[in-house]
Amino acid sequence: QFGFTVSESGGGFIWAENSREYKLTPWSNDPVLDPSGEICYLRDEKTGLLWSLNALPIRDSEPYTIRHGQGYTRFHHQSHGIDQTALVFTPTNASVKIVSLKLRNNQDYAQELAVTYYLEWTLGVHREETSPFLLTEYDRSSGALLARNVLQKAFSGYYAFLGMYTDGPEISRSWTCDRREFIGRNGSSSLPAAMTRKALSNTTGPLFHPCAAMQVKLDLPPRGERTINIIIGSAGSLDEVRSYMRQFGRKAEVRKAYQDVVEFWSNLLERVQVSTPDRGFDFLMNRWLLYQAISCHLWARSAFYQAGGAYGFRDQLQDALALLHARPGLTRRQILLHAAHQYKEGDVQHWWHEETGYGIRTRISDDLLWLPYAVCRYVQHTGDQKIWCQEIPFLESPPLQEDEMERYEPTVISGETGTLYEHCIRAIERSLRFGAHGLPLMGGGDWNDGMNLVGAGGSGESVWLGWFLYQVLKEFTPFVIDWNETDRADKYKRIAEKLAASLNEQCWDGQWFRRAYNDHGEPLGAMSNLECQIDCIAQAWGVISGAADPDKALMAMASLDDQLVCRGDKSLVCLLTPPFNQSEPSPGYIQAYPKGIRENGGQYTHGAVWAIIAWALLGKGNKAYELFQILNPINHTRTPGETQQYKVEPYVMAADVYSVPPYMGRGGWTWYTGAAGWMYQAGLEWILGIRKRGDKLYLKPCLPADWPGYSVVYRYGRSTYHLQIENPAHKETGGTLLVIDGKEAGQVDLGIPLVNDGQTHQVLLVL
């Protein structure tokens, strides 16, 4: 319901309820300038020296240290004889951002400081559009500056607010909500006009350029310390504003809120902890991958490069699968949410804003199939058969007309409901539309939205979608049998067999599988193409689905390795090659991307992770692990030279890495990507082989042969399982000995019974 992004220079933005529709402060999408809508200024009242807490907008020569953790960031800077530390976080149960600023005087004499916190209000999508409709005021009861957007429909009753509390006496306090006063005519944030005056004017009201700026002056004793808590938030009523201000005006409450944040993320992220010979592997697997998937892609649905605020039907379903071991209840909730965004005809909203009640209906062909795929994975993992019977309403709207590729419209809930099983059936039945080569129709794009023109005419076919549909039919059919629908089960088996035959016969290009056929029946992803001769996901999913002939599957993956994997200084895995540039007919908006950027031949990491899984399924641990290392951002930032080339964060996945000079090896679009969730699944379930089925845990590792072993702490309810995997013979896969609590357990394939008894259990597997 509330959050913020933060950069190393203090940039970023705050949002409430929806990260696109109700931004509290401006979002920049400018990684070069990194302008901030929030600035903390400090001024020495004796000398007039002015500086900022963060490196921007006023940077001095002393170093800045920024530490990011799960749910918090800590800034540290030492200058002008003052040690400055700011802890920035959002409590787990309150829609506020807290900046707890601690100032320590390193001098033997007292200093008088003015601390000014300035922010620019948006209270909507774009500040330029909302500014004329913002009303500001000062609430004497709480001491907070308030702002409301009187034109905002979805969030019309909300107050945004800024307040400051100090831990002792203040010399004075002043404020303004007039940006023109604060910045000044032709002024800048690095030298605002208000910072040349002794105090702010206490101006509030309806202003063309509203802001919130609050200043407190205080004494800093010799070798003494003061704390200022700055609170920015959103509330549904004035009473709630006052409640937040009272609560977080107390130092003890702020400390408790911070500890709650640390404990919350630790409990969530430490359900599974791995220890392997690769510290970089452990670093991602133990905390950062799940944190990225949950905080950014599932909850905020926003990041530095995109403030979308929307649920993507396929996107968040895939992310939720990464939570199966840590929080299966969240996976369940996500599944039911998405099922409620399916139309009666079986297709689904490609994306939607939950808070505003609008979404988009499209002809994209794979979205709907992620529902049965996700439900099958969830039920297999948890054993929760009851979810199939959950009653969920459908949506309704006029079906898309022949000339309509998509329609943005209100979300209208129909009076018709169906069980989750029925929702999955409708999704599958809707997908059973095949073209001339016996492949499913591509429609307005499959997983690669950028190929939106390949099947726009209604005849184009998708090879990748064929593999995926086969996988869904294979996983779903046993549940159809459980529901005693034998005729339907037989039908799905026949379709799957016929589909596999078509994929192997019609789509094999001699050394790899083609990617698609366009509306004219011409292939993509074939040696005869000048552009996009080979595509990564068409090879990987041939293996993942199990539908590819074994010999062809191995050759296809060898071709992927030869054609799409770059090693050495610029290591990456391309989605396809060569990139699109002048292909006629155009495959879609993918061709509008520069060559080697994003889906157009760059490393589109979400898809590249599937190659890891494919190699693991083939029992090739060395290959699977090598690709994991290539995709691991830590391995792109080991030296200053690599860091300057990669240029983005080493602790989260990048959506893409550029594959053409002069930018080859540069990361792009970090945080907001489905790659984190899949990377976690690839590492845990396919490389380490930790798989849960109902109330049993199975160990089916696929390791690099030089690993002597690894260990895992796996928490199940109140119980803890210490898993020790030893690899004395340096095998890539296979298990010969399983010992549970000191007793040989017989066959490895029988699994490890999970018992919620609050005890610690020891498990040994020898390869």
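**Enclosed helices, cavities and single residues in a predicted model**

All 10 of the 10 residues of helix α12 (residues 536-545) are buried, so this helix is largely enclosed by the rest of the structure. The model is a predicted one. The buried residues of α12 are Cys 536, Ile 537, Ala 538, Gln 539, Ala 540, Trp 541, Gly 542, Val 543, Ile 544 and Ser 545. After α12 comes Gly 546. The phi of Gly 546 is positive, near 80 degrees.

Helix α3 (residues 238-248) has four buried residues: Val 241, Tyr 244, Met 245 and Phe 248. These residues lie on the same side of α3, because they cover an arc of only 95 degrees around the axis. The spacing follows a general rule. An α-helix has 3.6 residues a turn, so residues three or four places apart point the same way. Asp 239 and Arg 246 are exposed on the other side of α3. The buried residues of α3 pack against several elements. These are the strands β8, β11 (144-149), β12 (159-166) and β15 (225-235), and the helix α4 (251-269).

The whole structure holds three cavities of 30 Å³ or more. The largest cavity has a volume of about 120 Å³. Its lining is made up of Val 6, Gly 10, Glu 38, Ile 39, Cys 40, Leu 53, Asn 54, Phe 75, Val 88, Lys 97, Val 99 and Tyr 117. Two strands, β3 (38-44) and β8 (96-105), each give at least two residues to this lining. The largest share, three residues, comes from β3. By class, eight of the lining residues of the largest cavity are nonpolar, two are polar and two are charged.

The second largest cavity contains about 50 Å³ of space. Thr 5, Gly 12, Phe 13, Pro 26, Trp 27, Ser 28, Asn 29, Pro 35 and Phe 304 line the second largest cavity. Five of these lining residues are nonpolar and four are polar. None of them is charged.

Four elements, β17 (311-312), α6 (313-321), β18 (349-353) and β19 (358-362), each supply at least two lining residues. The largest share of this lining, five residues, comes from α6. By class, the lining of the second largest pocket has 16 nonpolar, 15 polar and seven charged residues.

Ser 431 is in helix α9 (residues 420-431). The relative accessible area of Ser 431 is 9%. Ser 431 therefore counts as buried, since that value is under 20%. A polar atom of the side chain of Ser 431 lies 3.0 Å from the backbone oxygen of Ala 427. Apart from neighbours within four places in sequence, Ser 431 is in contact with Leu 368, Leu 369, Pro 440 and Leu 469.

Thr 47 is found in the loop between β3 and β4 (50-52). Its relative accessible area is 52%. Thr 47 is therefore exposed, because the cut-off is over 50%. A polar atom of the Thr 47 side chain lies 3.2 Å from the backbone nitrogen of Leu 49. Thr 47 and Glu 112 are 65 residues apart in sequence, and their C-alpha atoms are 9.7 Å apart in space.

Leu 191 sits in the loop between α2 (179-183) and β14 (210-220). With a relative accessible area of 56%, Leu 191 is exposed. Leu 191 and Leu 50 are 141 residues apart in sequence. In space, C-alpha to C-alpha, Leu 191 and Leu 50 are 8.4 Å apart.

Note on methods. Residues numbered from 1 in each chain as written. Predicted model: local features only at pLDDT ≥ 70, side-chain atom pairs only at ≥ 80, totals over all residues. Heavy atoms only, no water. Buried < 20%, exposed > 50% of the residue type's maximum accessible area, 1.4 Å probe, protein only. Polar contact = N/O pair within 3.5 Å; in protein donor to acceptor, adjacent residues only side chain to side chain. Contact = heavy atoms within 4.5 Å. 1 Å grid on protein atoms, 1.4 Å probe; cavity = no way out; pocket = protein on both sides within 12 Å on 5 of 7 lines; lining within 4 Å. Points joined across faces, edges and corners; volume = space filled by probe spheres on them. Nonpolar A, V, L, I, M, F, W, Y, C, P; charged D, E, K, R; others polar. Arc of directions from axis to C-beta.
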